[in-house]
Amino acid sequence: MPDDIYQNLTTAAFVLDESKLIRNLELISSVRDRAGVEIILALKGFSMWRTFPLVFEYLNGATASSLHEAMLINEHMGTQAHSYFPVYIQGEMAKVAELSSHIVFNSLGQFERYAPFLKVNFPSISLGLRVNPGFSKVEVDMYNPTAPGSRLGIDPSHLQNGLPDGIEGLHFHALCESTSYDLEETLVAFEARFGHLLPKVKWVNMGGGHLMTRVGYDTDHLVNLLQRFKEKYEVNIILEPGSAIAWDTGDLVANVIDIVENHGVRTLMTDVSFTAHMPDTLEMPYRPVIIGATTDAAGPNQFRIGGTSCLSGDFMYEYSFEKVPFIGDKIIFKDMIHYTLVKTTMFNGVKHPDIGVIKSNGRYQTLRSFNYADYHDRMD
């Protein structure tokens, strides 16, 4: 079914498969119920707001890292946000508070600055601090928030006198597409640094990176781990996965526009851009999976994949295709909905791919097409 739909698309498009999203949500909801915890959507990983009413049927809400994300949660999910901003801007705080049920501060300085205002004007908001457990299994520095000198999270040396009055929760984030066993190791470090503070809080937010929808993830181990921690400290637990929500729920469909050959290197020129539409492939970096091709250097029909921007590095090294590709063929990049879609840009003025969804009844719907006005108005 998806292949038939893909072949009928006339332009590049991000395509979400609603039935796969529901599959993920059902699994995550079952983990939530079995463990007795709250699981909320992290908009930094998935912000297709047209799906928010569906997501809210299965989860407890959503977390925001900016005012606009908080506004999106309120408008399209109909609930207040769990807000954690690396830094809060003074002119926005009143609006953020209006839209939030929880506010987490990244530093004691920010807490001391805004706590008096919040306690007087928004006393029902639950306040928390983000702390740095000093441990992470994440190997890519760009995605590791726990390294020494990190700007994210409070070091235990700043909490030697305990928690300030008014703090009800602690938040940490140290995972990235990780396993429950990575979380178990992280909790050992977290408890060593901050365990003495846990009897004084009502909730612990264990952040994101819990990739429970990936094949092979041990959800039973996760449930048992969360239950033990909850019982030990008598706290509510919050998880806010990003990738897990939309993991393997959709693809980026591209078209071969031209084929360029220089010095024996053949490049399939497409109507999408790695730097503009798949930035993590260059930042992480990683090789996206392409249907009908492998990264086997010894395979047949080798071609590079070229992006549509003028950036010289806007390409992926050789893939080996099962069949010789031709101009007009489709290139299907697998699993391009989580994180990829939220990080897209219009660098170089390149046309943004459409955003579409295959509904659970099998019908295709274009949610958004982009044009010159979208690029023009960003600079207006």
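Student: Why are Phe190 and Phe194 said to be separated by about one helical turn?

Tutor: In this predicted model, Phe190 and Phe194 both belong to helix H7, which covers residues 180–194, and because they are 4 residues apart there, about one helical turn separates them.

Student: What makes the pair of Phe190 and Phe194 tilted?

Tutor: The ring centres of Phe190 and Phe194 lie 5.9 Å apart, and since rings pair if their centres lie within 6.5 Å, the two count as a pair. Their planes stand at 40 degrees, whereas stacked needs under 30 degrees and edge-to-face over 60, so the pair is called tilted. Both Phe190 and Phe194 are buried, and they belong to one aromatic cluster together with Phe172, Phe229 and Tyr233.

Student: How many aromatic pairs does this rule give, and why is the one formed by Phe105 and Phe111 called edge-to-face?

Tutor: The count comes to 11 aromatic pairs. In the pair of Phe105 and Phe111 the planes are 75 degrees apart, with 5.8 Å from centre to centre; because an angle over 60 degrees counts as edge-to-face, that is the name this pair receives.

Student: How do you know whether Phe105 and Phe111 are buried or exposed?

Tutor: A residue is buried if its relative accessible area is under 20%. Phe105 has 0% relative accessibility, so Phe105 counts as buried, and Phe111, at 4%, therefore counts as buried too.

Student: Which residues line the largest cavity, and how much space lies in it?

Tutor: The structure holds 1 cavity of 30 Å³ or more, and about 50 Å³ of space lies in the largest cavity. Its lining includes Thr63, His82, Ser83, Tyr84, Trp203 and Glu240. Strands S5 (81–84), S6 (100–105) and S9 (203–205) each supply at least two lining residues, and S5 gives the most, with 3 residues.

Student: What classes of residue make up the lining of the largest cavity?

Tutor: The lining has 4 nonpolar, 6 polar and 1 charged residues. Glu240 is one of the lining residues, and because Glu counts as charged, Glu240 belongs to the charged class.

How values were computed: Residues numbered from 1 in each chain as written. Predicted model: local features only at pLDDT ≥ 70, side-chain atom pairs only at ≥ 80, totals over all residues. Heavy atoms only, no water. Phe/Tyr/Trp six-rings, centres within 6.5 Å; stacked < 30°, edge-to-face > 60°. Buried < 20%, exposed > 50% of the residue type's maximum accessible area, 1.4 Å probe, protein only. 1 Å grid on protein atoms, 1.4 Å probe; cavity = no way out; pocket = protein on both sides within 12 Å on 5 of 7 lines; lining within 4 Å. Points joined across faces, edges and corners; volume = space filled by probe spheres on them.
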